[in-house]
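Please read it alongside the model.

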Amino acid sequence: MDPFESRLLAPALGIEVLGFDPRGEGAAAQLVAHLDQHLVVVLRDQDLSPEALVDLASTLGEPAVHPLVPHLAGHEAVQVIKNSGKSVTLNEHWHTDVSFAKRPPKYTLLHARSVPAIGGDTQFANQYLAYESLSAGMRSTIDALSAEHRGDGLAIMMGKDPSQAPHAVHPVVRTHPNTSKRALYVCAAFTRWIDGWSPEESAGLLRFLFERSTRPEFTYRHHWMPGDVAIWDNRATLHYAIHDHGDGERILHRVTVTGEIPV
């Protein structure tokens, strides 16, 4: 039984949990159960130091160090996501975090430290639903495919050598280790081409999958409140940070949890 008060946030995905104590008995197991079922969990009214955020992430697995984005001084697992202007926004695209790694993160935790009064929302998209919406013929086609994910574009934005950026080949459809459900695993930010196909040959199929994966009925749009912690499952979820808040201050702390090799 869930010891916390909760309510659904959208038909497609997302649940809000109230009165959550990260140190409470069974808290981690309850979080995983909610994540397995709803993919996005929002904890309200949390005031977590960087150390406490890492501790919370540690209950879900091993905190990861981002290979390209700088970390908060003294906290190598924490990245600061802040408003640096529309022209250099890093996350205003649909993506799953660090999919170009050999072992991409299974979970991301994002803690709102300061948010604008209006705007700055984050959208999430359920990739189980995206996969299930495809025809049997399309599912059987993409079930056998893998795709190249590359971090070169992010490396360029970070002022780093793109030739040294991580890259990996992952299944276009991955099976979740907890639920055994299948999800699309491609994103416009990092997926470059189908493995064994040319970029030109890949373009049409990937464009179709990118569009299908983010249909409105598969999504939840989260309006941040100070103290919110959003936790999501990168293995079956895409997200998009909307930069519609001009110069308004938006500061969030992010920690990711190391995942397994996608299968």
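**Salt bridges and a cavity**

1. Arg113 counts as partly exposed because its relative accessibility is 35% (buried is under 20% relative accessible area, exposed over 50%, partly exposed in between; 1.4 Å probe, protein chains only). The model is predicted: local features need pLDDT of at least 70, side-chain atom pairs pLDDT 80 or more, while totals for chains, interfaces and linings use all residues. Numbering runs from 1 along each chain as its sequence is written, and side-chain values use heavy atoms, without hydrogens and water.

2. Arg113 forms a salt bridge with Asp47 at 3.8 Å, N to O (a side-chain nitrogen of Lys or Arg within 4 Å of a carboxyl oxygen of Asp or Glu). Arg113 sits in strand 5 (residues 105-114) and Asp47 in the loop between strand 3 and helix 2, so the bridge ties together parts 66 residues apart in sequence. Strands (E, at least two residues) and helices (H or I, at least four) are DSSP runs, numbered from the N terminus. Asp47 has 68% relative accessibility, so Asp47 counts as exposed.

3. Arg44 and Glu16 also pair, with the closest N and O atoms 2.5 Å apart. Both are buried. Arg7, Glu16, Arg44 and Asp228 are linked in a salt-bridge network.

4. Asp233 and Arg235 form another salt bridge, at 2.9 Å between the closest N and O atoms. Both residues are buried. The whole structure has 15 salt bridges.

5. Which residue classes line the largest cavity? The lining has 4 nonpolar, 4 polar and 3 charged residues (nonpolar: Ala, Val, Leu, Ile, Met, Phe, Trp, Tyr, Cys, Pro; charged: Asp, Glu, Lys, Arg; polar: the others, Gly among them).
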